[in-house]
Amino acid sequence: MAMSSEKIIQFLKEAFPDAMIDIKDLVGDNDHFAVEITSQAFQGKTRIQQHQMVYEALQGHMGTHLHALSLKTKVPME
Amino acid sequence: MSALFDQIQNDISNHDVVLFMKGNEKFPMCGFSATVVQILKRLGVSFKAIDVLQDMELREGIKAFTNWPTIPQLYIKGEFVGGCDIAREMYQSGELQSLLKDKGIPYTE
C-alpha cells in the first residue's frame, strides 16, 4: 500500500505536462506525501475541481494505494 | 446504493454542517479528520459528525456520492466544501468564515 514519489510525479506529468510539482515524502514511508502542483490547467476551476483533476490524474490510486496525500493546487502567476 | 445516497442526501439536507469523518468528534481516528474537527471547534460551529468507520457501505458510498476519494468530507448547507487540505486552506485565508457568514451559520471569530 505505497507508491514512490517518482510514480506520482509520472502520473501528474502525464496529466499536466506544464506542471511545476513539488513533492515531499513526509515521513519517508512512501505513503504520506505533500504535493504542491502549479499548472495552467487549473485556471478558472474551483479548488474542489482542481483537486478532483489531480485525483483523476492519479487514476484511482488515491484512497487505495496512496493513503495520505496532502494537496495544494495553484495557477501560475502571470 | 441509492438508498444509501438518499440517506446521505438526507443527512446533508437536514444539518447545516456535516462532517463525514473517521471516528467521532471526541475521538477522531485519523489526523486529517482531527484537523477538520479542530477547525470547526475553534470556530465554535456546531456540526453533525458521521463516523464512516461504523458503516463500510457508507465509507465507500460517500466517496462515490461526492466523487472524492478520501475522508474527511465537509458539507455546509448541503454543498461539498472539501476535505482536510481545502478546509484548512479556507480557514487560514478566512474563506471558510466568509462562507459560514454567507450561509447564515453562527460561528465565533
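In the predicted model, a salt bridge joins the side chains of R47(A) and E89(B), with a nitrogen-to-oxygen distance of 3.0 Å. Two salt bridges are found across the interface of chain A and chain B, whereas a search of the whole structure, taken over all chains, finds eight.

The interface to which this pair belongs draws on 12 residues from chain A and 16 residues from chain B. The size of an interface is often given as the accessible area lost when the parts come together. For chain A and chain B, the area buried between them is about 1,200 Å², and 56% of this area is on carbon and sulfur atoms. Residue pairs in polar contact between chain A and chain B number five, with both residues of each pair at pLDDT 80 or more. On the side of chain A that touches chain B, α2 and β3 of chain A each supply at least two residues. Grouped by class, that side of chain A comprises six nonpolar, four polar and two charged residues.

Within chain A, strand β1 (residues 20–25) and strand β2 (residues 32–38) pair in the antiparallel sense, and the pairing extends over six bridges. One point in this pairing can be followed at I21(A), whose bridge partner in β2(A) is I37(A). The two strands, β1(A) and β2(A), form a hairpin with six residues between them, and in the turn G28(A) has a positive phi of about 75°.

The confidence of the prediction can be considered for each chain and for the complex. In chain A the mean pLDDT is 90, with 97% of the residues reaching 70 or more, while in chain B the mean pLDDT is 96, with 99% of the residues reaching 70 or more. Among the elements of chain A, the lowest mean pLDDT, 92, belongs to strand β3 (residues 68–74), and the highest, 95, to helix α2 (residues 47–57). Both of these elements, α2 and β3 of chain A, are also suppliers of residues to the side of chain A that touches chain B. Where pLDDT is low, the predicted coordinates should not be read in detail. For the complex, the predictor gives an ipTM of 0.84 and a pTM of 0.91.

Terms used
Residues numbered from 1 in each chain as written. Chains lettered and ligands numbered in written order. Heavy atoms only, no water. pLDDT = per-residue confidence, 0-100. Helix = DSSP H or I, 4+ residues; strand = E, 2+ residues; numbered from the N terminus. Pairing = 2+ DSSP bridges. Contact = heavy atoms within 4.5 Å. Buried area = accessible area lost by both parts, 1.4 Å probe. Salt bridge = Lys/Arg side-chain N within 4 Å of Asp/Glu carboxyl O. Polar contact = N/O pair within 3.5 Å; in protein donor to acceptor, adjacent residues only side chain to side chain. Nonpolar A, V, L, I, M, F, W, Y, C, P; charged D, E, K, R; others polar.
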